[in-house]
Amino acid sequence: MGPHIAILGAGTFVKTQYIPRLSEISNLLVLKAIWSRTEESARSAVEIARKHFPGVECKWGDKGLEEIIADSSILGVAVVLAGQAQVDFSLRMLKAGKHVLQATSELETALSSYKSIVDNAPDKPIWAVAENYRFEPAFVEGRKLMTEVGDVMSIQVIVEGSMNSSNPYFSSSWRRDFAGGFILDMGVHFIAGLRMIVWRFSGLKGTLQIERGNQDGQHGYVVLFYGSDGQSTSSFYQFSGVDEEFRAFFNDITQATLKKGTSYEAEPRMSFLEGARDVAVLEAMLESGTKQGAPVQVKKF
């Protein structure tokens, strides 16, 4: 029996990504509840989830949110809401002593609030950042190969993210009504990968390249290494970072519960500080662009 968790949010991403991924590791957790602002939205997500988690409860509105906060059996909460609301809901859950997993958003504005929460809490709740590329196997493997590149001669990053009106996320309030929505939502994932390893490194001993790919209908990344001796290797890695994030988060919850009363440090790759640093790099890039490429100091956290 794994930790009991709840999901705040019942949109497209919850239905198409979170629930299917959680079902693959259902031995590690118990999905106790799904919450949404409206009953209709919550029930539509619960209907899908009950195929894998028969006991999942449907919660909605202020009353449902308070019930989740008051439920001491719920140790962790995945906040999968629009960017405008994420931080407020995350901090509310953290104040209630829940461990939180959320996507990257306005993290910088909430760091001081989180510090005040953990400073006054007997047990430090975990605040983890989800959906970042530090967990993608291709980047993990690519980082290992960096040692074979030798002295770096050049670094190249090319990011292309196509999205048109047929995409189900095109009209979401997160992208339409949130400052920097399209760039922040897509770009910050690549910044996480950039900070772990750039897509392409050229060195005296070889070149390492990571690019999007598709194999047997599966989306993922191809890791290519070209050695100075003319030899090359190519490996395909399917997208599975979300699965690995979930495993890490639930393991952190379990360990924090077992070590209650002590200071437990969560998986560093999904630290809220790493999320804030990703956003800081992206903000500096955009500021530099408005200044015709002038150097800009990246905020430190």
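Buried here means under 20% relative accessible area, exposed means over 50%, and partly exposed lies in between (1.4 Å probe, protein chains only). The model in these views is predicted, so local features need pLDDT of at least 70 and side-chain atom pairs count only at pLDDT 80 or more, while totals for chains, interfaces and linings use all residues. Residues are numbered from 1 along each chain as its sequence is written, and side-chain values use heavy atoms, with hydrogens and water left out.

**View 1. Helix H10 from end to end.** Helices (H or I, at least four residues) and strands (E, at least two) are DSSP runs, numbered from the N terminus. The expected span of a helix is 1.5 Å times one less than its number of residues. At the start of H10, look for Ser271: one of its side-chain oxygens reaches to within 3.0 Å of the backbone nitrogen of Leu273. Just after H10 comes Gln292, with a positive phi of about 55°. Among the buried residues of H10 are Phe272, Val279, Leu282 and Ser288.

View 2. A salt bridge is a side-chain nitrogen of Lys or Arg within 4 Å of a carboxyl oxygen of Asp or Glu. Side chains of opposite charge can pair when their charged atoms come close. In this pair, the closest N and O atoms of Arg134 and Asp278 are 2.7 Å apart. The pair links distant parts of the chain, 144 residues apart: Arg134 sits in the loop between strand E6 (127-130) and helix H6 (137-145), and Asp278 in helix H10 (residues 272-290). Both Arg134 and Asp278 are buried.

View 3. Glu283 pairs with Lys299, their closest N and O atoms being 3.7 Å apart. At 42%, Lys291 counts as partly exposed, as does Glu287 at 36%. Elsewhere, salt bridges that share partners join Glu57, Lys59, Lys63 and Glu67 into one network. A search of the whole structure finds 15 salt bridges.

**View 4. The bend in helix H1.** Helix H1 (residues 12-24) has 13 residues and reaches 18 Å from first to last C-alpha, close to the 18 Å expected. The helix bends by about 30° at Tyr18, with Pro20 following within four residues; the bend is the angle between axes fitted to the seven residues ending there and the seven starting there. Buried in H1 are Val14, Tyr18, Ile19, Arg21, Leu22 and Ser23. These buried residues pack against several elements, including strand E1 (4-8), helix H2 (39-49) and helix H9 (241-258).

View 5. Gly213 belongs to strand E9 (residues 206-215) and counts as buried because its relative accessibility is 16%. Contact means heavy atoms within 4.5 Å. Leaving aside residues up to four places away in sequence, Gly213 touches Gln218, His219, Gly220, Tyr221, Val222 and Phe236. From Gly213 to Val223, 10 residues apart in sequence, the C-alpha to C-alpha distance is 9.4 Å.

Terms used. Polar contact = N/O pair within 3.5 Å; in protein donor to acceptor, adjacent residues only side chain to side chain.
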